[in-house]
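Reader: Please take a close look at the aromatic ring pairs in this model. I would like one connected account.

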Amino acid sequence: MQTSQGRGVGLGLALVSALAFGGSGVAAKPLIEAGLDPLHVVWLRATGAALVLLPVAWRHRALVRRRPALLAGFGLLGVAGVQTCYFAAISRIPVGVALLVEYLGPALLLGWVRFVQRRPVSRAAAAGVVLAVGGLACVVEVWSGLRFDALGLVIALGGACCQAGYFVLADHGADGEDAADPVGVTAHGLLVGALVLTVVARPWTLDWHLLAGRAAMDGTGVPAGLLLAWLVLVATVAAYLTGVVSVRRLSSQVACVVAFLEALVAVVLAWVLLGEGLSAPQAVGGALVLAGAFIAQTSTPRAARPEPVAQGAATAGAGRESPGGRELSDDSLPA
């Protein structure tokens, strides 16, 4: 019962994270169209979130000494890497292609778990990835304006690797007795990401007066500061916090596939708030993404922390748990 409740909470947090991340494009696009450089928008997003969570980072300052590699990796890959690779890729290849390649991250993650960590991968998670990738191809209409650029595709693939790294590191922080608090990891990761993006985005060239004006959202003027606040507080702070905690309650395999809903949310919000049409193929693709996420969530999540039990009960339960601390589902692929 407790495991089922934990699974439900984890799925709820994963869905909230996908909704929050999916709303980032709706807030960022009007700012970019108002004249802000895309990398400046990313820098504002990460830096604003890092400042909001600065008291949290200070409270968990011991993590800098205990888990420096985890914090550095999370900030470099999960914050700076994904965003920088995505914006660099769309400068060379179509946005839809870049988004699809980036969302190959879950497939790369399953490959990492299966062939590098040599741990079983559930058929549900694998099938969910296949369905979600196919659905995402329809959502972003990858066939529109496809043009091949080797460097652009390599950069987009780098974004996929960074995305997979985000889920691996978010999950890795819970391993062992020295488990890192997910809120502390998020706060420090955003600080690291903001520092890295400062070098990449060069914010000293930012046109600050644009933030005091208004940006057009489907013909309606919206204060740029309000859009930035949404981007920082909802699409970054809330999105990362709920995302990392959901990985801890589920598993990286399941949470990363549920994250495919981010693309669907982005398309629907763009349709409603920005007036960008939703075509029939996109609607079909959205249904496939939902189906993939639903199938993937049937995979067995991280097992709950075991309570002390009698030796006989512990012996009776032996053999149902993997070396990594997860229960093995009956549909797991053989190791």
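Author: Phe-74 and Tyr-240 are both buried, meaning under 20% relative accessible area, where over 50% is exposed and in between is partly exposed (1.4 Å probe, protein chains only). This is a predicted model, in which local features need pLDDT of at least 70, side-chain atom pairs count only at pLDDT 80 or more, and totals for chains, interfaces and linings use all residues. Residues are numbered from 1 along each chain as its sequence is written, and side-chain values use heavy atoms, with hydrogens and water left out.

Rings of Phe, Tyr and Trp (its six-membered ring) pair if their centres lie within 6.5 Å; planes under 30 degrees apart are stacked, over 60 edge-to-face, and the rest tilted. In one of them, Trp-43 and Trp-208 have ring centres 6.2 Å apart and planes at 80°, so the pair is edge-to-face. It joins distant parts of the chain, 165 residues apart: Trp-43 is in helix α3 (residues 38–52), and Trp-208 is in the loop between α11 (182–201) and β1 (214–217). Helices (H or I, at least four residues) and strands (E, at least two) are DSSP runs numbered from the N terminus. Trp-43 is buried at 12% relative accessible area, while Trp-208, at 47%, is partly exposed.

Phe-74 and Tyr-240 are also an edge-to-face pair, with 6.4 Å between centres and 70° between planes. Here helix α6 (residues 68–89) supplies Phe-74 and helix α12 (residues 224–249) supplies Tyr-240, 166 residues apart.
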